[in-house]
Amino acid sequence: MPPLPSNRTTWHSLLNPLAGRRPGTLLAPAGAPVMGLCPAVALYAVVPLQAVANLVLDDLAAFAQDQGWIVPSGCAVADTGSLAQGLDGRRGWTRVRALATGSLIRGVVVPSLTHIGYRAVDADREQDWLLKQRLFVVATDLCDMNLRT
């Protein structure tokens, strides 16, 4: 049986989510850096219990697949604990930052920007750092659209 079409929504940090596009092709708004094709992304989430990490990462992987992106081996990472914990204590986020400095991935998919920084100043700092690495950030939670206007 073929997979059902996805009803997922997203907010893109650099991309125009309302523009028509073929899967795997990204359209940037005027004046934004050209990203071109985005074949590989990392997945990152903070989960309360390790037992639910695969559920959250599977949902992010399905979203990435819907976009025509791939998730290379070792690029789906989850930290266990509270979203409010500092970034210094998150080994998974340290792994994503290491991936971001290489040429393997072109973006990071998270459930919400609070997963890369609970406080807005932390999330903005990490998102800015990722953009300086020429990576985009995609939050799959539609509520993030209201947080980042």
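**View 1. The whole chain and its surface.** The accessible surface of the chain comes to about 8300 Å², by the Shrake-Rupley method with a 1.4 Å probe, where only the protein chains shown count as cover for residues. Carbon and sulfur atoms hold 57% of this surface. The model is predicted: local features need pLDDT of at least 70, side-chain atom pairs count only at pLDDT 80 or more, and totals for chains, interfaces and linings use all residues. Residues are numbered from 1 along each chain as its sequence is written, and side-chain values use heavy atoms, with hydrogens and water left out. The chain has 149 residues, and 42% of them are buried. Buried means under 20% relative accessible area, exposed means over 50%, and partly exposed lies in between (1.4 Å probe, protein chains only).

**View 2. The order of helices and strands.** How many helices and strands does the chain have? There are four helices and five strands. Both are DSSP runs numbered from the N terminus: helices are H or I with at least four residues, strands are E with at least two. Along the sequence the pattern reads β-β-α-β-α-β-α-β-α. Take the contacts in the chain with a separation of 6 or more: 73% of them join residues 24 or more positions apart. Contact means heavy atoms within 4.5 Å.

**View 3. Strands 2 and 3, side by side.** Strand 2 (residues 41-47) pairs with strand 3 in the parallel sense, over five bridges. Two strands pair if DSSP finds at least two bridges between them. Val47 stands opposite Thr80 in strand 3. From strand 2 the chain passes through helix 1 (residues 53-67) to strand 3, a right-handed β-α-β crossover. Right-handed means that, with the strands pointing away from the viewer, the path from the first strand over the helix to the second runs clockwise. Side chains alternate along strand 3 (residues 76-80). Val77 and Asp79 point to one face and are buried.

**View 4. Helix 1 and its cover.** The 15 residues of helix 1 should span 21 Å at 1.5 Å a residue, and the end C-alpha atoms agree, at 21 Å apart. The expected span is 1.5 Å times one less than the number of residues. Which residues of helix 1 are buried? They are Ala53, Leu57, Leu60, Ala62, Phe63, Ala64 and Gln67. Their cover includes strand 2, strand 3, strand 4 (107-110) and strand 5 (136-139). Just after helix 1, Gly68 takes a positive phi of about 85 degrees.

View 5. The whole structure holds three aromatic pairs. Rings of Phe, Tyr and Trp (its six-membered ring) pair if their centres lie within 6.5 Å; planes under 30 degrees apart are stacked, over 60 edge-to-face, and the rest tilted. Phe63 and Trp69 are edge-to-face, because their ring centres are 6.3 Å apart and their planes stand at 75 degrees. Both residues, Phe63 and Trp69, are buried. Ring pairs link Phe63, Trp69 and Phe136 into a cluster.

View 6. Gly74 sits in the loop between helix 1 and strand 3. Beyond its neighbours within four places in sequence, Gly74 is in contact with Arg95 and Leu99. Arg91 lies in helix 2 (residues 91-101). Arg91 is exposed, at 74% relative accessible area.
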